[in-house]
Amino acid sequence: MVKCTIEKLLKDGLNMIEKRDYNNPFLDVQLILSHLINKDRIYLHMNKDEEVKSDVSKKYYDMVERRNIGYPLQYMINSQEFMGLDFFVQEGVLIPRSDTEILVEKIINLVNNTELRNKTINILDIGTGSGAIALSLGYFLKNSLVTAIDISDIAIETAKINADKLGLSNVLIKKSDVFGDVKNAKSNEKYDIVVSNPPYIEKSVIENLQTEVSKYEPKLALDGGVDGLDYYRRIVEVYGFIHSDKSILSVEIGYNQKKEVLKIFEDAGIFSFIESDKDLSGNDRVVT
Ligand code: GLN
C-alpha cells in the first residue's frame, strides 16, 4: 500500500479542488491538513514525508471534498484571523472580513489621536456576529467598555466564546434588538462611539454572491432589504437616542453605498462632520 504522507495528501487535495473565484486551493488544503493534525503550515513543509493515520486522511479527503463544493474553510476549521487575533467562527455567524479591519483601525486612530484616549469610553457594537469588531476594540483600547449586541442566539454564543478566548472583561455581550429596546425607551445609556457592520446586501442580489457566501453564510447578516440600506436608516434613528454631543458613529458600507449612506446621515441632521474611508481594494468601505 502506498504510504499516505503529508506530501501525498497535499498533492491529492490540490488535484481535487477546482480553482474557483472563492478559493486558493493550495492554501486551503494546507489549512485543512494543519487543522486536522494540529500543527502549523510550516510544519507541513518541514515534514513532507511524515505518515498520516488513515482516520485523519479520511477526514481530510472529506473536508477537501466539501471545500470543493464551496463550503467555507473557516467553518470547517472554526477559525478566522481578524486584527491579528484568532476568532472562533461557526455556521450561523458571518465570517469576519479583512475589509472590516478598516472600521476597527478608524476607531482606534480616532481614540488615540483625540481627548478620548484619556477617559473611559463607552462603545456600542450593533449586530456583533462573532464579536470581531467589538472584541478587537476591547482588546486594543484598554480604556474602553464595549457593549456588543446581536439578535441572533448563535452570534451571542460565538461572541461569548471569543470573549473568553481573548480573556476580555471589558466587553459585555448581550442578546438585544437595540431597535426595539430603544423605541420602548428602555435604554437610557449614552455611548461615545457606536459602530456597526450591518447587513447591507440588496435582497435581490444575495443569490448572485459567491456560492460560499450565498449558500452557507447567514442571510440575517447579509440581507439589508430591498435597497440594502434598511439598517442604516434604523441605526441613525436609534443613534438619535443614545448619542451625546461628541459621539462618533461609524459604519461599514457596501462598495457602492457611500452616497446613499451619507444622505441618510445628513437627513438625520445630527452630524457635524463626516468622513469616509476606503478598503485596500480602493472601494468605499466605512462612513464615520
Ligand atoms: N462584506 C460582506 C460580503 O462580502 C457583506 C457583509 C454585510 O452585509 N455586512 O458579502
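This is a predicted model. In helix α6, the buried residues are L103, V104, K106, I107 and V111. Viewed down the helix axis, the buried residues of α6 sit within an arc of 155°, so they line one face. On the face of α6 turned away from the buried side are the exposed residues N109 and N112.

As for dimensions, α6 covers residues 101-112 and reaches 16 Å from its first C-alpha to its last, close to the 16 Å expected at 1.5 Å a residue. What covers the buried residues of α6? The elements include β3, α7, β6, β7, β8 and β9.

Now the annotation. Under "binding site", an unreviewed UniProt entry lists G127, T128, G129, S130, G131, D150 and N197. These positions span 71 residues in sequence, yet no two of their C-alpha atoms are more than 11.6 Å apart, so they gather at one spot.

Two of them in detail. T128 lies in the loop between β3 and α7. T128 counts as buried because it has 29 C-beta neighbours inside 10 Å, where 20 or more is the cut-off. Beyond four places in sequence, its contacts include D150, I133 and I173.

N197 lies in the loop between β6 and α10. N197 is buried too, with 27 other C-beta atoms within 10 Å. Setting aside neighbours within four places in sequence, N197 contacts T100, L103, G127, I133 and E252.

Last, the domains: the assignment gives domain 1 as 6-69 and domain 2 as 92-287, with 35 Å between their C-alpha centres.

Definitions and conventions. Residues numbered from 1 in each chain as written. Predicted model: local features only at pLDDT ≥ 70, side-chain atom pairs only at ≥ 80, totals over all residues. Helix = DSSP H or I, 4+ residues; strand = E, 2+ residues; numbered from the N terminus. Expected span 1.5 Å × (residues − 1). Buried ≥ 20, exposed ≤ 12 C-beta atoms within 10 Å, placed from the backbone. Arc of directions from axis to C-beta. Contact = placed C-beta atoms within 7 Å. Domains from an automatic or database assignment. UniProt positions renumbered as here; feature names shortened; annotations may be inferred.
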